[in-house]
Amino acid sequence: MGSTQIGAEVAYRYSHTVGFYAEYGKGFHFPIDLALDRDGVMYVVNRAGFDAASRMYCKRVTVCTVDEEYLGSISYGGTGDGQIMWPAAIAIDGDGLLYISDEALHRISVFNTKGDFLGKWGVHGEGEGQLNRPAGMAFDGEGNILVADGLNNRIQRFTREGRFLGGWGRPGKGEGELDVPWGISLDHEGNAYVADWRNDRVQKFDAEGNYLATLGTSGQGDGELRRPAGVAVDGDGDVYVADWGNERVQVFGPDGGFRAKIRGEATLSSWAEEYFISNQDELEERLRADMEPPLDRLSSGSLHDRSAAIEKLFWGPTSVKLDGRGRVYVVDSLRHRIQIYEKDHSRP
């Protein structure tokens, strides 16, 4: 197990990688988000590539364990009941039901963990309770669901059945204003942390939607963000941000200060190893290849260029999730995998 520690405040040890590229079945295809149940089962929603009819089967939820046991898949691409088109996020309620937000269909679809379609709700529009490209979701302590209503630049709260309860937010760049919110997470006090995508920041609100604080500013430096996509909060109050535009995960302390960053240390998953055992010609090509090449003279040397060239690094991290064991799960979208890290609690 390797160690990633950049920043003196906290350390994270690389554990392992789950997944590899697969258009169907055992693998991922441009994963966008994941949800974890109490038994360590992961539900990874795959947005897949372009929307050709022949590729609808690539859009699915891959079901597997943290220990890389493949369990099956749920749903597929389309506009009908139980189908998904542009899935943006997935969440699990207290009864173990799965909720998938869909940006193209402007709705939330509900499944059980066996994959049975149970229902849907959501109407496209700008009015109260209507949705325009819904993204991140989080359940509050009362079992109600908060939805990042992307192009309406607000957060809305619903019952699990889709009855509108209230919300907050308005378009803009000021405190409490939003510009395409994406990820959302709640802390143990019910405060909401919202990845404010186009404003390059995370905003913190109380349970009533009152503005409390801002984490991050626009840029590439430590504590700076560029198009943050996902956010999560652990029991210590540390805030994890999938800093999509900067190809990394950043960690902020309870006071909002920068604590650490993780760039990626992926190794091959067991699924990938199995594939190469069965495809020796590709394995030989891989062994001859340089997985950490120097950037060529045409490269700008940007974080994006480095991630595109070096296989172990994050490339397009869209979501970060946590479990009760101090593990950090990063959806590494453009490399079709999940990288898993462990927080080092021996450090202050």
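This is a predicted model: local features need pLDDT of at least 70, side-chain atom pairs count only at pLDDT 80 or more; totals for chains, interfaces and linings use all residues.
**View 1. The buried residue N246 in the loop between β21 and β22**. With a relative accessibility of 1%, N246 falls under the 20% limit and therefore counts as buried. The side chain of N246 comes to 2.9 Å from the backbone oxygen of G219.

**View 2. The open sheet of 4 strands, in the order β20-β21-β22-β23**. The pairing in this sheet is antiparallel. Because β20 (228–233) and β23 (258–262) stand at the edges with a single partner strand each, one side of each is left without a neighbour in the sheet. From one strand to the next, the twist averages 20°. Within the sheet, strand β21 (residues 239–243) and strand β22 (residues 248–252) run antiparallel and are joined by 5 bridges, and A242 has V249 in β22 as its bridge partner.

**View 3. A232, a buried residue of strand β20**. The relative accessible area of A232 is 5%, and the residue is therefore buried. Although A232 and V320 are 88 residues apart along the chain, their C-alpha atoms are separated by 6.4 Å. Apart from neighbours within four places in sequence, A232 is in contact with S185, D238, V239, Y240, V320 and L322.

**View 4. The tilted ring pair of W197 and W244**. The model holds 16 aromatic pairs, and in this one the ring centres lie 5.0 Å apart with the planes at 45°, so the pair is tilted. The two residues come from distant parts of the chain, 47 residues apart, with W197 in the loop between β15 (192–196) and β16 (201–205) and W244 in the loop between β21 and β22. W197 counts as buried at 12% relative accessibility, whereas W244, at 34%, counts as partly exposed.

**View 5. Strand β4 (residues 60–65) and the strands that pair with it**. Since 6 of the 6 residues of β4 are buried, this strand is largely enclosed by the rest of the structure. R60, T62 and C64 point one way from β4, while V61, V63 and T65 point the other way, and all of them are buried. Strand β3 (residues 41–46) pairs with β4 in the antiparallel sense over 6 bridges, and here Y43 stands opposite V63. Strand β5 (residues 70–74) also pairs with β4 in the antiparallel sense, over 4 bridges, with T62 standing opposite S73. β4 and β5 form a hairpin with 4 residues between them, and E68 in the turn has a positive phi of about 75°.

Definitions and conventions. Residues are numbered from 1 along each chain as its sequence is written. Side-chain values use heavy atoms; hydrogens and water are left out. Two strands pair if DSSP finds at least two bridges between them. Axes are lines fitted to C-alpha atoms, for helices over the stretch in contact, and angles run from 0 to 180 degrees between N-to-C directions. Buried means under 20% relative accessible area, exposed over 50%, partly exposed in between (1.4 Å probe, protein chains only). Contact means heavy atoms within 4.5 Å. A polar contact is a pair of N or O atoms within 3.5 Å; within protein, one must be able to donate a hydrogen and the other to accept it, and residues adjacent in sequence count only if both atoms are side-chain atoms. Rings of Phe, Tyr and Trp (its six-membered ring) pair if their centres lie within 6.5 Å; planes under 30 degrees apart count as stacked, over 60 as edge-to-face and the rest as tilted.
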